[in-house]
Amino acid sequence: MNITAEQERLIVIGILKKMNVSDDDASIVADVTVDADLKGFSSHGIGRFPQYIKGLKAGTIDPEAEISIDNETVSMALLNGNHKFGHVVTYTAMEIAIEKAKETGMGVVGVHNSNHFGVAGYYSDMAIMQDMVGIVVANTEPAVAPIGGKEPIIGTNPIAIGIPSNSHYVSVDMATSASARGKLLEAKRKGEKIPENVALDVDGNPTIDPEAALKGSILPFGAHKGYALSFMIEILAGPLVRAAFGRQVTGTANPEKMCTKGDLVMALDPSKFSNIDTFKGEVDDFISEVKSSGNVFIPGDMEVRNIKDRKENGIAIDNQLMEEIVEIANELSFDLDKILDN
Ligand SMILES: NC(=O)c1ccc[n+]([C@@H]2O[C@H](COP(=O)([O-])OP(=O)(O)OC[C@H]3O[C@@H](n4cnc5c(N)ncnc54)[C@H](O)[C@@H]3O)[C@@H](O)[C@H]2O)c1
């Protein structure tokens, strides 16, 4: 079935409030979740919601935790999320990064003791909305084998970069693995195969079976270059921010374990490097130059196209996912029909 963005928002907020999540925090989680589904990143939208419910039940997500600041200077901060919702912690980190960038031209904020945050691009969008460049990287529990190996040691380590422009939404938001792990989980749930050249089974052989891939490893995107980039992100979102790295990273896919991943978010203020209008004008000129070269997309076009489609046609929820949501709602005596019937 298809649901509207507003129905999805109300479902997420309503269920989270039943689980003692505050209005403000539930609203952030819902915004990020709906953003993912509207942009077409269904691997990180409401499909991940049952994982968060399991995390709340297991106590690996603590709705009442307070975020604390370990260390802070004029241009950087290191946050301890104390295992609050990852969405709320990274949202707070980007808010701080933007405030610092307004002062100094740049703000860099590291995060540890957090949780899975959904889509990285939501947080770089926060910077775009303030006419700033936003950059977000994070590590995850191991899923990718280094080139030449077959054992997963590196995460799917997402990277998002958002750039303000007058004419377009300019954003790249992607895993540094050939596929996000969420896409494998989604394929498994839907009983679908995964594309070729995406994953290896436990023996290091190519597979199109999502279950075998989840037991084995995902390939890095772009061969050695993706591996090298992912390796670097593992360190920027690991040791640099006092988070775990490699095999020690837990809790991003398995909510039963405390989450030990980290994030690094950055905001850069173009007005401190150049004039903001000149900067955005040049970004527009570059987009025009690229677009005039053929039938090409720029990073962010896919999201814009998907948002238009989902707003017109709704967000698809497969039967298995709907069953899981109904089960969660029933357990919490949450009236799902009241939302779905409207
Ligand atoms: N929270 C986590 O731990 C975690 C981990 C991994 C991934 N993720 C999220 O998963 C989501 C999906 O990642 P993915 O790797 O599957 O994304 P993807 O492979 O669909 O790539 C998406 C990016 O590529 C751009 N793109 C697509 N086609 C293009 C074209 N022809 N020309 C130019 N640009 C183009 C899109 O605009 C988009 O920004 C992301 O939102 C990411 O943040 C989260």
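**Close-up 1. Ile 96, a buried residue in helix H4 of this predicted model.** Start with Ile 96, which sits in helix H4 of a model that is predicted. Is Ile 96 buried or exposed? Count the other C-beta atoms within 10 Å and you get 21; since 20 or more makes a residue buried, Ile 96 is buried. Set aside the neighbours within four places in sequence, and Ile 96 is in contact with Ala 77, Gly 107 and Val 109.

**Close-up 2. The largest nonpolar core, with helix H4 as its top contributor.** This core has 75 residues, and the members that touch the most other members are Val 12, Ala 93, Met 94, Ala 97, Val 109 and Val 265. Which helix gives the most to it? That's H4 (residues 86–104), with nine residues. Both domain 1 (1–58 + 302–342) and domain 2 (68–140 + 155–174 + 245–299) give residues to this core, so it lies between them. Zoom in on Ala 93 and, not counting residues up to four places away in sequence, you'll find it touching Leu 79, Val 109, Val 111, Asp 263 and Val 265. As a bit of background, nonpolar side chains tend to be buried together in soluble globular proteins.

Close-up 3. All six of the six residues in strand E5 (residues 133–138) are buried, so the strand is largely enclosed by the rest of the structure. Val 133, Ile 135 and Val 137 point one way from E5, while Gly 134, Val 136 and Ala 138 point the other way. How many bridges does E5 make with strand E11 (residues 263–268)? There are six, and the pairing is antiparallel; look for Gly 134 standing opposite Ala 267 in E11. E5 also pairs with strand E6 (residues 159–163), again in the antiparallel sense, over four bridges. There, Val 136 has Ala 160 of E6 as its bridge partner.

**Close-up 4. Helix H5, mostly covered.** Eight of the eight residues of helix H5 (residues 121–128) are buried. Reading along the helix, these are Gly 121, Tyr 122, Tyr 123, Ser 124, Asp 125, Met 126, Ala 127 and Ile 128. What covers them? The cover includes helix H2 (23–39) and H4, plus the strands E5, E6, E7 and E11.

**Close-up 5. The shell around the ligand.** The ligand is surrounded by 30 residues, and the closest are Val 119, Ala 120, Met 174, Ala 175 and Phe 297. Strand E7 (170–174), helix H6 (181–190) and helix H11 (301–313) are the elements that give two or more residues to this shell. E7 gives the most, with four residues. Sort the shell by class and you get 15 nonpolar, twelve polar and three charged residues. Domain 1 and domain 2 each put at least three residues into it.

**Close-up 6. Where domain 1 touches domain 2.** The protein is divided into domain 1 (1–58 + 302–342) and domain 2 (68–140 + 155–174 + 245–299). Their C-alpha centres lie 23 Å apart. At the contact, 17 residues of domain 1 meet 13 residues of domain 2. On the domain 1 side, H2, helix H3 (49–58) and H11 each supply at least two residues, and H2 gives the most, with seven. This side of domain 1 divides into eight nonpolar, four polar and five charged residues.

**Close-up 7. An open sheet of three strands.** The strands run in the order E9-E8-E10, with antiparallel pairing. Which strands stand at the edges? They are E9 (206–207) and E10 (217–218); each has a single partner strand, so one side of each is left without a neighbour in the sheet. Two bridges join strand E8 (residues 199–200) to E9, and the bridge partner of Ala 199 in E9 is Thr 207.

Note on methods. Residues numbered from 1 in each chain as written. Predicted model: local features only at pLDDT ≥ 70, side-chain atom pairs only at ≥ 80, totals over all residues. Core = buried A, V, L, I, M, F, W, Y, C linked by C-beta atoms within 7 Å. Buried ≥ 20, exposed ≤ 12 C-beta atoms within 10 Å, placed from the backbone. Domains from an automatic or database assignment. Contact = placed C-beta atoms within 7 Å. Pairing = 2+ DSSP bridges. Near = placed C-beta within 6 Å. Nonpolar A, V, L, I, M, F, W, Y, C, P; charged D, E, K, R; others polar.
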